[in-house]
Amino acid sequence: MGLEDYVLYMCSVGYNETSISQLIGKTTVCSNPKPSVLDFNLPSITIPNLKDEVTITRTVTNVGPLNSVYRVTVEPPLGFQVTVTPETLVFNSTTKKVYFKVKVSTTHKTNTGYYFGSLTWSDSLHNVTIPLSVRTQILQNYYDEN
C-alpha cells in the first residue's frame, strides 16, 4: 500500500480534504462519489454489512519471478457466491502491478455472525491466500436521535 491508498481510505471514512491535505503536505481532492472503504487495499477482505451483493477491488504487486502467472481458487463462505475477475493474473517485465475484482453475493437473510472463506492465487509453486469474511445485513441500522 502506498500514500494514495491511505488518502482514499481517509476520503472513504469521511475525513475532509483540508485535514488530509494538512496531514500529507499537499492539496488533496476526494473523488465524488466518495470511494468505498471496502476497497482499502488490505491483504484480507472483510464485508461487515452485505445486503445483496458488492464488488470490491484489490491491487497486487508481483514480488516473485519476473514472468509469473497466478490462477485463483475460491473457497466461498457458506451460503455466498464469490466471483473473481480476472481469474488469472499475468506479470512480466512491464506489468508488475495488477488489479482484480471480487463480487460477493448472497441470499442469506439472517444476521447470525461472520462467515469465512478465502481466495488463493497460485503459480503452482507459490500460494498467496487472501482471507474473506462476510456478514449479512437484514435490516438497516436504526437509532433514536432523541
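The model is predicted. Its protein chain contains two helices and eight strands, and from the N terminus on the order of elements is α-α-β-β-β-β-β-β-β-β. Of its 146 residues, 32% count as buried.

**Overall dimensions and contacts**

- The C-alpha trace of the protein chain spans about 60 × 45 × 20 Å along its principal axes.
- The protein chain exposes about 9600 Å², and 53% of this area is supplied by carbon and sulfur atoms.
- Among the contacts in the protein chain with a separation of 6 or more, 58% are accounted for by residues 24 or more positions apart.

**Packing of the two helices**

- Two packed helices are described by the angle between their axes and the distance between the axes.
- Here the axes of helix α1 (residues 3-12) and helix α2 (residues 17-24) come within 10 Å, and they cross at roughly 155 degrees.
- Angles over 145 degrees count as roughly antiparallel, so α1 is roughly antiparallel to α2.
- The crossing of α1 and α2 is right-handed.
- On the α1 side, the contact is made by L3, V7, M10 and C11; on the α2 side, I20, L23 and I24 take part.
- By class, the residues of this contact divide into seven nonpolar, no polar and no charged.
- The buried residues in α1 are V7, M10, C11 and S12, and the buried residues of this helix pack against α2.
- After α1 comes G14, which has a positive phi near 105 degrees.

- S12 lies in helix α1 and has a relative accessible area of 8%. Buried means under 20% relative accessible area, so S12 is classed as buried.
- When neighbours within four places in sequence are left aside, S12 is in contact with K34, P35, S36 and V37.
- Y9 also has its place in helix α1. At 32% relative accessibility, Y9 counts as partly exposed.
- Under the exclusion of neighbours within four places in sequence, the contacts of Y9 are V37 and F40.
- Y9 and V37 are 28 residues apart in sequence, while their C-alpha atoms are 6.0 Å apart in space.

**A residue of strand β1**

- T46 is found in strand β1 (residues 45-50), and its relative accessibility of 38% makes it partly exposed.
- Not counting residues up to four places away in sequence, T46 touches L38, Y114 and S133.
- T46 and V134 are 88 residues apart in sequence; from C-alpha to C-alpha, they are 5.9 Å apart in space.

**Cis peptide bonds**

- N32 and P33 are joined by a cis peptide bond with omega at about 10 degrees. P33 lies in the loop between α2 and β1.
- The peptide bond from T85 to P86 is also cis, and its omega is near -5 degrees. P86 has its place in the loop between β4 (80-85) and β5 (88-91).

- S124, a residue other than glycine, has a positive phi near 80 degrees.
- S124 is found in the loop between β7 (115-122) and β8 (127-136).
- The relative accessibility of S124 is 76%. Exposed means over 50%, so S124 counts as exposed.

Definitions and conventions
Residues are numbered from 1 along each chain as its sequence is written. This is a predicted model: local features need pLDDT of at least 70, side-chain atom pairs count only at pLDDT 80 or more; totals for chains, interfaces and linings use all residues. Side-chain values use heavy atoms; hydrogens and water are left out. Axes are lines fitted to C-alpha atoms, for helices over the stretch in contact, and angles run from 0 to 180 degrees between N-to-C directions. Helices (H or I, at least four residues) and strands (E, at least two) are DSSP runs, numbered from the N terminus. Angles under 35 degrees count as roughly parallel, over 145 as roughly antiparallel, 65 to 115 as roughly perpendicular and the rest as oblique. A crossing is left-handed if the near helix is turned anticlockwise from the far one by less than a right angle, and right-handed if clockwise. Contact means heavy atoms within 4.5 Å. Ala, Val, Leu, Ile, Met, Phe, Trp, Tyr, Cys and Pro count as nonpolar, Asp, Glu, Lys and Arg as charged, and the others, Gly among them, as polar. Buried means under 20% relative accessible area, exposed over 50%, partly exposed in between (1.4 Å probe, protein chains only). Accessible areas come from the Shrake-Rupley method with a 1.4 Å probe; for residues, only the protein chains shown count as cover.
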